[in-house]
Amino acid sequence: MCGIIGYAGCRPAVPVVTEGLHRLEYRGYDSAGVAFVRDRSFCVIRAKGRLSALEEKLAAVQTATSTCAMGHTRWATHGVPAERNAHPHCSNDNSLAIVHNGIIENFQELKAELAEKGYVFHSETDTEVLVNLIAECRKDEPELLRAFAAALRRAHGAYAVCLMERNAPDTFYAARMSAPLIFGVGTGENFAASDIPAFLHYTRKVIFLDDGDIVQATAKEYNMFRLEDLEPVAHEPQTVLWDMQAAQKSGYKHYMLKEIFEQPRVMTEALAGRISEQGDTVLLPELDNLPAPARLYIVACGTSWHSALWGRHLLEDWARVPVQVELASEFRHRDNFLFKKDEMVLVISQSGETADTLAALRIAKERGATVIGLCNVIGSSIAREAAAVLYTRAGPEISVASTKAMCSQMLMLALLALYWQARRHNPDESSRCPPRRQWISALVSLPPMLGDALSAMHETARRLSRKYAQARNFFYLGRGHCFPLALEGALKLKELSYIHAEGYAAGEMKHGPIALIDSAFPTFAIALDDPLFPKTKSNIMEVQARQGKVIALTNGETDLAADDVWTIPRLPSPLAGFVVLPALQLFSYEMADYLGKDVDQPRNLAKSVTVE
Ligand code: F6R
């Protein structure tokens with residue numbers, strides 16, 4: 001999704017802003033631009049494509065004297081990726097320039113109204129409508145802050161915006177509504193950006209703006225107000241503990257590879273302080289004030305939804321909590337959910353900003369549910385709006401394709417299942433629940449075990465990717481807790497390498513999909529040594545009987561006669577998922593890299609999906 005940055009300080013602003021845009025690249029974009037004031041008029045430079053195209057143009061422009069600027073990376077929503085649609089956009093009279101992340105839902109209506117008044121539009125964007133609306137409001141409210149607020153009050157939808165004025169070239173304004181925007185407080189300089197890495201090089205002091213906050217900032221001061229009535233608001237800056245090192249590649253070829261290899265550390269972080277000294281109790285004090293639910297709904301999108309499907313098995317088996325898993329984009333448009341008092345909703349989101357998941361959280365709250373969040377990004381919207389939040393502590397995930405975040409979500413779901421198992425302790429059921437201490441100690445032993453295994457797994461993934469790189473289609477099969485992992489394997493392959501891949505419950509193959517199998521349509525089967533193994537083995541044989549090639553991922557002394565048997569370290573199911581997951585990730589990574597795809601920023605994708 002779009003990335004924005006605003007800067008006012010003492011340094012040449014354009015390099016600060018372009019550097020910030022580089023740090024926001026991971027969000028996905030198709031064009032970029034910057035604006036600053038020079039010689040009493042706006043200098044707006046925009047380019048389609050990568051930031052290098054923008055930088056080439058900037059090299060030919062005198063930028064050194066400006067100490068206030070703003071920049072934008074655009075992920076097209078209204079209008080094709082083209083220079084004319086790239087931000088910043090200026091008002092017709094060139095007095096104002098704006099950058100925007102989000103969608104103004106009533107922009108057609110506002111555009112028609114402004115067109116009647118004689119405004120002309122040079123782009124297809126909702127953003128150009130907004131900047132002209134501010135200019136129009138200014139006719140009644142000469143003070144820009146008031147005109148800005150008046151225009152935003154008329155805009156429905158989601159936005160994070162930065163605004164500059166030609167006649168006050170050292171000031172920028174920013175506002176937020178349902179889209180991420182963080183204010184950075186420096187010494188003699190201030191920032192606003194879609195994400196912290198954009199300015200972390202300069203300051204660790206941040207303010208997580210709330211929806212409905214509006215800010216006026218210069219190098220020396222900043223003032224924050226409520227959009228509603230322009231009453232001042234005071235937010236205490238917080239200090240970010242992680243540094244740029246955590247958000248850089250550390251010698252790996254891609255962020256994705258680095259993040260896959262970080263998973264043992266991520267698990268250690270997630271476990272830290274969450275197991276009692278005796279090793280028999282999970283500590284989640286964030287949830288101690290909330291009763292364990294009689295039923296749980298888990299709502300999420302994409303990879304986080306796959307984590308939810310995987311976690312359901314543990315929550316049902318270990319904690320005996322019945323679980324319903326919902327796609328946020330579907331859940332938010334169904335009105336048949338009325339929550340009972342003892343029911344709970346868990347929303348899972350790495351970014352904590354996914355528009356559908358955030359909307360689902362709000363709807364669930366309106367309908368009386370207690371909502372807890374499982375998030376990675378501290379201070380994100382979901383984290384702030386949930387009644388309680390569990391942080392996954394995976395650190396910044398830069399690669400667009402999610403890897404370590406899923407591992408940390410799975411770990412937290414396992415901890416949650418054990419935590420609620422203890423809270424719900426029911427003597428009739430306890431004999432059916434597996435012993436907690438055994439699972440806790442298995443979880444604690446996971447990180448070193450995975451750390452030892454990853455390099456060899458990477459080698460196998462590399463070899464197999466070369467062998468199967470010609471395939472244009474792939475099936476991923478799994479049963480039980482391996483079915484969500486099969487879905488995730490297929491998602492990773494298609495999003496990174498653009499090879500069509502489908503994840504299926506292995507038992508469903510014969511109900512239709514098997515018709516597609518031939519010698520050019522391989523199958524990646526997850527066939528672990530567990531009670532479901534004989535059934536998955538039969539499914540593999542059915543595929544092979546139709547000349548389908550099979551990679552079988554297994555973890556035991558199985559008698560599989562697949563084309564390629566990939567044996568990974570043995571762990572008791574369902575924890576084996578923590579080894580299956582990186583195997584799937586590494587296979588997709590190697591496939592995409594071998595095929596020359598843009599691994600960290602696949603086409604058409606955005607890291608944080610802040611539009612519906
Ligand atoms: C896939 C991927 C996406 C996200 C989805 C939800 O690799 O990253 O499917 O999982 O957009 O994002 P979050 O978890 O931030 O809500």
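**Close-up views of the predicted model**

View 1. Glutamine 263 is placed in helix 7 (residues 263-271); helices (H or I, at least four residues) and strands (E, at least two) are DSSP runs, numbered from the N terminus. This is a predicted model, in which local features need pLDDT of at least 70 and side-chain atom pairs count only at pLDDT 80 or more, whereas totals for chains, interfaces and linings use all residues. Residues are numbered from 1 along each chain as its sequence is written, and side-chain values use heavy atoms, with hydrogens and water left out. Glutamine 263 has a relative accessible area of 0% and is therefore buried; buried means under 20% relative accessible area, exposed over 50%, and partly exposed in between (1.4 Å probe, protein chains only). Not counting residues up to four places away in sequence, glutamine 263 touches Thr403, Lys404, Cys407, Leu450, Leu581, Pro582 and Gln585, where contact means heavy atoms within 4.5 Å.

**View 2. Proline 447 and its contacts.** Proline 447 belongs to helix 15 and is buried, its relative accessible area being 8%. Its contacts, residues up to four places away in sequence not counted, are Pro264, Met267, Thr268 and Leu271. Proline 447 and threonine 268 are 179 residues apart along the chain, yet their C-alpha atoms are separated by 6.3 Å.

**View 3. Packing of helix 15 and helix 18.** Two packed helices are described by the angle between their axes and the distance between the axes. For helix 15 (residues 446-468) and helix 18 (residues 577-594), the axes come within 8 Å and cross at roughly 35 degrees; axes are lines fitted to C-alpha atoms, for helices over the stretch in contact, and angles run from 0 to 180 degrees between N-to-C directions. The crossing of helix 15 past helix 18 is right-handed, a crossing being left-handed if the near helix is turned anticlockwise from the far one by less than a right angle, and right-handed if clockwise. Helix 15 contributes residues including Leu450, Leu454, Met457, His458 and Arg462 to the contact, and helix 18 contributes residues including Phe578, Pro582, Leu586, Glu590 and Tyr594. By class, this contact has 17 nonpolar, two polar and three charged residues; Ala, Val, Leu, Ile, Met, Phe, Trp, Tyr, Cys and Pro count as nonpolar, Asp, Glu, Lys and Arg as charged, and the others, Gly among them, as polar.

**View 4. The largest nonpolar core and a separate core.** The largest nonpolar core has 95 residues, and Trp420 and Phe474 have the most contacts inside it; a nonpolar core is a set of buried Ala, Val, Leu, Ile, Met, Phe, Trp, Tyr and Cys residues joined through side-chain atoms within 4.5 Å. Helix 12 (residues 404-423) gives the most to this core, with 13 residues. Domain 2 (249-434) and domain 3 (451-598) each supply at least three residues to this core. Tryptophan 420 is in contact with Leu287, Ala292, Pro293, Leu296, Leu315, Ala319, Met344 and Ile372, its neighbours within four places in sequence left aside. Another core, of 33 residues, lies apart from the largest one and has Leu96, Phe121, Ala147 and Ala149 among its members.

**View 5. Domains of the chain.** The assignment divides the chain into domain 1 (3-245), domain 2 (249-434) and domain 3 (451-598), with bounds that come from an automatic or database domain assignment. The C-alpha centres of domain 1 and domain 3 are 45 Å apart.

**View 6. Threonine 370 in strand 18.** Threonine 370 lies in strand 18 (residues 370-375) and counts as partly exposed, at 27% relative accessibility. Leaving aside neighbours within four places in sequence, threonine 370 is in contact with Leu290, Glu343, Met344, Val345 and Ala387.

**View 7. Backbone features in loops.** Most residues other than glycine have a negative phi, and most peptide bonds are trans. Histidine 87 and proline 88 are joined by a cis peptide bond with omega about 0 degrees; proline 88 is in the loop between strand 4 (68-74) and strand 5 (89-90). A cis peptide bond also joins serine 573 and proline 574, with omega about 5 degrees, and proline 574 lies in the loop between strand 24 (564-567) and helix 18. Arginine 40 has a positive phi, near 65 degrees, in the loop between strand 2 (31-38) and strand 3 (41-48), and is exposed at 68% relative accessibility. Glutamine 547 has a positive phi near 70 degrees; this residue lies in the loop between helix 17 (533-544) and strand 23 (550-554) and is exposed at 54% relative accessibility.
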